[in-house]
Amino acid sequence: MLMSGNGERVVFVLDAPGDESLHTGGTIARLLDDGADVTVLFGSATPYDSDASAPTTAFAGAADVAAARAALGETDPAQWRVLAGEPQGAQRRAVLGEAFAQAHATAVVAAAVDPALRQAAVDAAGEQGVPVFLSSRVSAVPGVRLTAIDVSDHIHQKLAALAAYPGRWRLDGRVVRLDDGTEALVTGTETYASGSGPAQPAELEAPTVGSRLLAVLMALFAGALFGVLGTVAHQTTIELGSLTIPVGLTLALLASGTLLLGLRLVVHDRLVVLAAAIGLVATVFLLSLRSTGGSVLVPAGVPGTVWSMAPALFAALVIAWPRIPARRPTA
């Protein structure tokens, strides 16, 4: 959200009249003072109460809203309105999206306490490619850096707007005392976080039978290819004085191990890894047999024994290793 003045068109989404002053009053006043176009949308005419069994008695009349609007610097009453019909559920997103389009929004501020309304605003803004910001007063976003807006020059406007709602709270200096006993301090900053939240790993679509079969065949071929190359190269050594370095065996084991481990980490399908392991181990076994001409590609000895057994052991370990689920962020 840029404080660039003219050209900025910001839509605020809140639960009910009064919330705009409590959660975002300083930001609204600053934007208006900088020449931005501000639209305030309320999901309902009555404040949100998370406990449906205890309806709130707080009330904001038309005169209260008009006084708060004037205190923050808005002269056009049409810019502040309750969503027509007070839509619920899936209809909210469509109504909000239409409102954002009509306002030609360059940014959306979701400051609703109601999580459903807040999410509808985030979704509607996302569909239109409009950046969305969450007020930190109503939504904690773990792992996301907060953006602080300096509203110190507009505290008097925010306080005047808060004073316009005597039915919702009591104002004592810079302390707002709500009916539920909680208190809020009016400070010179209002903070926001990106509405997209921490990046979450995308859910992979379930593979089709055809795509899975193709992956299995490709893994089988890759395993066989690595088996051939490893068998041919595993006897290669380098002499350094009296020291013999089994460079071929080392590279063969690293390559085959990387293949199996890489498939397990990337594909997350044990069947694909099993196919690669079968291709690798079966190829090594077949090439270990004496040919009709009497030649042997895997001669007896330590390198041959290691190359014959290590891939199978490593494949069993990789396939049997449990998948660790992704850690979910906590609120």
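The largest nonpolar core here has 35 residues, and Phe12, Val40, Trp80 and Tyr165 have the most contacts inside it. A nonpolar core is a set of buried Ala, Val, Leu, Ile, Met, Phe, Trp, Tyr and Cys residues joined through side-chain atoms within 4.5 Å. Buried means under 20% relative accessible area, exposed over 50% and partly exposed in between (1.4 Å probe, protein chains only). Keep in mind that this is a predicted model: local features need pLDDT of at least 70, side-chain atom pairs count only at pLDDT 80 or more, and totals for chains, interfaces and linings use all residues. Residues are numbered from 1 along each chain as its sequence is written, and side-chain values use heavy atoms, with hydrogens and water left out.

**The cores**

**Trp80 and the aromatic pairs**

- Trp80 is buried at 6% relative accessibility.
- Skipping neighbours within four places in sequence, Trp80 is in contact (heavy atoms within 4.5 Å) with Glu20, Val40, Phe42, Val65, Ala68, Arg69, Leu72, Glu74 and Tyr165.
- The model has two aromatic pairs; rings of Phe, Tyr and Trp (its six-membered ring) pair if their centres lie within 6.5 Å, and planes under 30 degrees apart count as stacked, over 60 as edge-to-face and the rest as tilted.
- One of them is Phe42 with Trp80, edge-to-face at 6.3 Å centre to centre and with 75° between the planes.
- Phe42 sits in strand β2 (residues 37-42) and Trp80 in strand β3 (residues 80-82), so this pair ties together parts that are 38 residues apart in sequence.
- Phe42 is buried too, with a relative accessible area of 2%.
- Tyr165 and Trp169 also pair edge-to-face, at 6.0 Å centre to centre with 70° between the planes.
- Tyr165 is buried at 0% relative accessibility, and Trp169 is buried at 3%.

**Thr24 in α1**

- Thr24 belongs to helix α1 (residues 19-33) and is buried, with a relative accessible area of 0%.
- Leaving out neighbours within four places in sequence, Thr24 is in contact with Phe12, Leu14, Asp19, Val109, Ala111, Glu190 and Tyr192.

- Helix α4 (residues 115-127) has 13 residues and reaches 18 Å from its first C-alpha to its last, close to the 18 Å expected at 1.5 Å a residue; the expected span is 1.5 Å times one less than the number of residues.
- Buried in α4 are Leu117, Arg118, Ala120, Ala121, Val122, Ala124 and Ala125, and their cover includes β1, α3 (90-103), β4 and β5 (132-135).
- Helix α6 (residues 209-233) has 25 residues and reaches 36 Å from first C-alpha to last, close to the 36 Å expected.
- The buried residues of α6 are Val216, Ala219, Ala222, Gly223, Gly227, Gly230 and Thr231, with α7 (247-267), α8 (270-288) and α9 (302-320) among the elements that cover them.

**The β7-β8-β9 sheet**

- Three strands make an open, antiparallel sheet in the order β7-β8-β9; two strands pair if DSSP finds at least two bridges between them.
- β7 (169-172) and β9 (183-185) stand at the edges, each with a single partner strand, so one side of each has no neighbour in the sheet.
- β7 and strand β8 (residues 175-178) pair in the antiparallel sense over four bridges.
- Arg170 has Arg177 in β8 as its bridge partner, while Asp172 stands opposite Val175 in β8.
- The β7-β8 hairpin has two residues between the strands, and Gly173 in the turn has a positive phi of about 65°.
- β8 and β9 pair in the antiparallel sense over three bridges, with Arg177 opposite Glu183 in β9.
- The hairpin of β8 and β9 has four residues between the strands, and Gly181 takes a positive phi near 95°.
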